[in-house]
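Please examine the sequence and the three-dimensional view before reading on.

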Amino acid sequence: MKIALIGYGKMGKEIEKIALDRGHEIVSIIDVNNQEDFESAAFKGADVAIEFTNPTVAYHNYMKAFAAGVKLVSGSTGWLAEHGDEVKKLCTEGGKTLFWSSNFSLGVTIFSAVNKYLAKIMNQFPAYDVTMSETHHIHKLDAPSGTAITLAESILENIDRKDKWVEGTFLAPDGSVSGTTECAANELPISSIREGEVPGIHCIRYDSEADSISIIHDAKNRKGFALGAVLAAEYTALHEGMLGMEDLFPFLK
């Protein structure tokens, strides 16, 4: 398979290693300094492009890839609120293809299934209140993380007493703390921590007067994310439309 990379930071380099190990060819690498390569024959000849950048440029990268007629896999977050409906329509009605996930880690995929199942159980036990926290490296621009929001939305879909997530506390890289976890009974607070080079920790906690139940996913490195992205690219090369982890892993449904 011919793969193009959009974004060549730590994730892009890890994806490159795994793609090559799995026998694929990297035909184009686009970063901030060679944006004109979106129009190159090499990029247009890719079977699929894998995009990991940041919220400020992701949408524009999508439009350039779509214009070049290249299918896209992306893990960038922070663009959905403003451009989500437009991108989805392009994929469902406009003939474009995007496989998007807030997190491609195989471990997070399993964690997501456990989260959904646990929420269905806890819907029966109103004595337990649910909160969430996420920790990431200091370079991450958005908070809460896209993964935390996706996990929260799954909880909201399955617990009747909760219908909205809100930002909780935020621990900044300089150690300052803002926000609060105080919220209405129908709200689910998500607290964020930015420290060091943490790849990603997500914790969901159900707390009652009697006890508490927590589930945690703690990423050790970027390998799990990169492998998931390459598996998604292999799937995307053979499919079309708006795709996600539920398509690749039906046990999520």
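How many bridges join strand β7 to strand β9? There are 6 bridges between strand β7 (residues 164-171) and strand β9 (residues 187-194), and the two strands run parallel.

## Basis of the report

The model is a predicted one, in which local features need pLDDT of at least 70 and side-chain atom pairs count only at pLDDT 80 or more, while totals for chains, interfaces and linings use all residues. Residues are numbered from 1 along each chain as its sequence is written, and side-chain values use heavy atoms, with hydrogens and water left out.

Helices (H or I, at least four residues) and strands (E, at least two) are DSSP runs, numbered from the N terminus. Two strands are said to pair if DSSP finds at least two bridges between them.

Most residues other than glycine have a negative phi, and most peptide bonds are trans.

## The open sheet

An open sheet is formed by 6 strands in the order β2-β1-β3-β4-β5-β12, with parallel pairing. Strands β2 and β12 (242-243) stand at the edges with a single partner strand each, so one side of each is left without a neighbour in the sheet.

Strand β3 pairs with β1 in the parallel sense over 4 bridges, and I3 stands opposite V48 of β3. Strand β3 is also joined to strand β4 (residues 72-74) by 3 bridges, again running parallel; here A49 stands opposite L72 in β4. In a regular strand the side chains alternate between the two faces of the sheet. In β3, V48 and I50 point one way and A49 and E51 the other way, and all are buried (buried means under 20% relative accessible area, exposed over 50%, and partly exposed in between, with a 1.4 Å probe and protein chains only).

## Helices α1 and α7

Helix α1 (residues 10-21) has 12 residues and should span 16 Å at 1.5 Å a residue; its end C-alpha atoms are 17 Å apart, which agrees. The expected span is 1.5 Å times one less than the number of residues in the helix. The 14 residues of α7 should span 20 Å, and the end C-alpha atoms of α7 are 20 Å apart, which agrees.

The buried residues of α1 are M11, G12, E14, I15, E16, I18 and A19. They pack against β1 (2-6), β2 (25-30), β3 (48-51) and α7 (223-236). In α7, the buried residues include F225, A226, G228 and Y235. Just after α1, G23 takes a positive phi of about 90 degrees.

## Salt bridges

Side chains of opposite charge can pair when their charged atoms come close. A salt bridge is counted when a side-chain nitrogen of Lys or Arg lies within 4 Å of a carboxyl oxygen of Asp or Glu. By this rule the count comes to 7 salt bridges.

One of them joins E234 and R22, whose closest N and O atoms are 2.8 Å apart. This pair links distant parts of the chain, with E234 in helix α7 and R22 in the loop between α1 and β2, 212 residues apart. E234 counts as partly exposed at 22% relative accessibility, and R22 counts as partly exposed at 40%. A salt bridge also forms between D142 and K140, with the closest N and O atoms 3.2 Å apart; D142, at 14% relative accessibility, counts as buried.

D129 is found in strand β6 and counts as partly exposed, at 38% relative accessibility. Leaving aside neighbours within four places in sequence, D129 is in contact with K162, R205, Y206 and D207 (contact means heavy atoms within 4.5 Å). The side chains of D207 and R205 meet in a salt bridge of 3.5 Å, N to O.

Where is P144 found? P144 is in the loop between β6 (129-136) and α6 (146-158). A cis peptide bond, with omega of about 0 degrees, joins A143 and P144.
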